[in-house]
Amino acid sequence: MTLLRRAASLAALTLAGCASLALTLVALAGCASQAAAPRPPLVVRPVAWPAPGGLGPVRAVADAGDRVVLFHDGAAAVFVNGALDRVERAPHRWVSAAALPAPDGHGTWIVGVDAEGRLLRLPGQGAFELVSDRYGLERAAVRAAAGLGLDGGAAFALDGEIAVADGQSVTRYATGPLAAFAAGGRRVAFAPGGDGLLALDVAPRALRSYPLAADGPAPLLAVTGAGALLAATPAALYAEDGAGVLRLRLRASAALHGLAVSGDRVWFADGGELGVLDEAGARATRGARVPQVARLVGSPSGDVWLLASGALRRFAVDDDGARPAWDDIAPVFDRACARCHLPRGEGGVDLSTRAAWASLREVIARRVVHERTMPPPGHALSEADRARIHDFVERIGPPTRP
């Protein structure tokens, strides 16, 4: 196997003082932009996953698509195509894990980072092997690792540094203490101590700064496969647009505490809810009860892992569940509409089926929700039932607007 060649100089570079790094200041565009309009609720479903017994809490997960490894203290459970393949015992306390492009560019490595800062690879067969030296990091304490994208390369968070392995060399940059770290799409994003974010474009070695004040916890960072930066404070979620401007995409309804890129999907956790962000805006669940300590881990499949206090669950977007069934609105229909809108009813319009509501959703939304001319005087409709009708017609087809 071809090993990475260490860079000629691995001496720390001060990012602000390195002439080869072009520093571009990008103003935060949150004042000029608006949060996305409300959308139908997100419906998710749990993905069944076999849980081997006797291994204790899960500390980290690495998902390479067809191969998934769950890291427990002293062991790792290896799954191939969703089935448990083997359990590999190892005397390590794991703190993070990742699926990285192999140093020679062929295949994917599953790696774990232990509490002593060692980087260990779990091959397809056999025991863990120490690979810190493959990246020129044998004297460094590794804290986290992330892949740079499908064309190869990896990035590492160290104590006061980041290291970038581009497939040919390994370069280290002095950053000071790191509050947050993420990589993807040939970019490395990190938050040094204090306000502000930085993103390093690996190929041109260009550094971009994003001023972002964060009150309280350090921001959550993620980078999409296309290299777009995502940043979340407890109060808001920002995403970089095609012009390199970090724009407001979501104001938290509670507090944002999870962020992950899963394939082409961006997941977030807001209070007790899960959400996804796409071009059209954000959607969030209702009543998911996500623990406040939960951490989100992305999957190439588009699913998301939810790791909280050693318990691991996996969720997928339920596109079928997002389309409501007749049972969702039938109780309201029976209470408020059936007297006039059964077949051959005195109202002249049959609303006794889901298909009828789907075909007349815009009229129902306008007259019941917005104009409030239905039901007619003398037929009371509670605000709770009106809200339920609004939710049903929004989810059954394209959202209506007043």
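Is Asp-385 buried or exposed, and what is its relative accessible area? In this predicted model, Asp-385 is buried, with a relative accessible area of 10%. Its salt-bridge partner is Arg-335, and the closest N and O atoms of the two residues are 2.5 Å apart. Arg-335 belongs to helix α1 (residues 330-341) and Asp-385 to helix α4 (residues 383-396), so this pair ties together parts that are 50 residues apart in sequence. Arg-335, for its part, is exposed, at a relative accessible area of 53%.

The structure holds 20 salt bridges. Three of these pairs, including the one above, are set out in the table.

| Salt bridge | N to O distance |
|---|---|
| Arg-335 and Asp-385 | 2.5 Å |
| Arg-366 and Glu-371 | 3.5 Å |
| Asp-63 and Arg-314 | 3.8 Å |

The side chains of Asp-63 and Arg-314 meet at 3.8 Å, N to O. Asp-63 is found in strand β3 (residues 58-63) and Arg-314 in strand β29 (residues 311-317), so the pair ties together parts that are 251 residues apart in sequence. Asp-63 counts as buried, with 9% relative accessibility, and Arg-314 likewise counts as buried, with 10%.

The salt bridge of Arg-366 with Glu-371 has its closest N and O atoms 3.5 Å apart. Arg-366 counts as partly exposed at 40% relative accessibility, and Glu-371 counts as partly exposed at 42%.

Definitions and conventions:
Residues numbered from 1 in each chain as written. Predicted model: local features only at pLDDT ≥ 70, side-chain atom pairs only at ≥ 80, totals over all residues. Heavy atoms only, no water. Salt bridge = Lys/Arg side-chain N within 4 Å of Asp/Glu carboxyl O. Helix = DSSP H or I, 4+ residues; strand = E, 2+ residues; numbered from the N terminus. Buried < 20%, exposed > 50% of the residue type's maximum accessible area, 1.4 Å probe, protein only.
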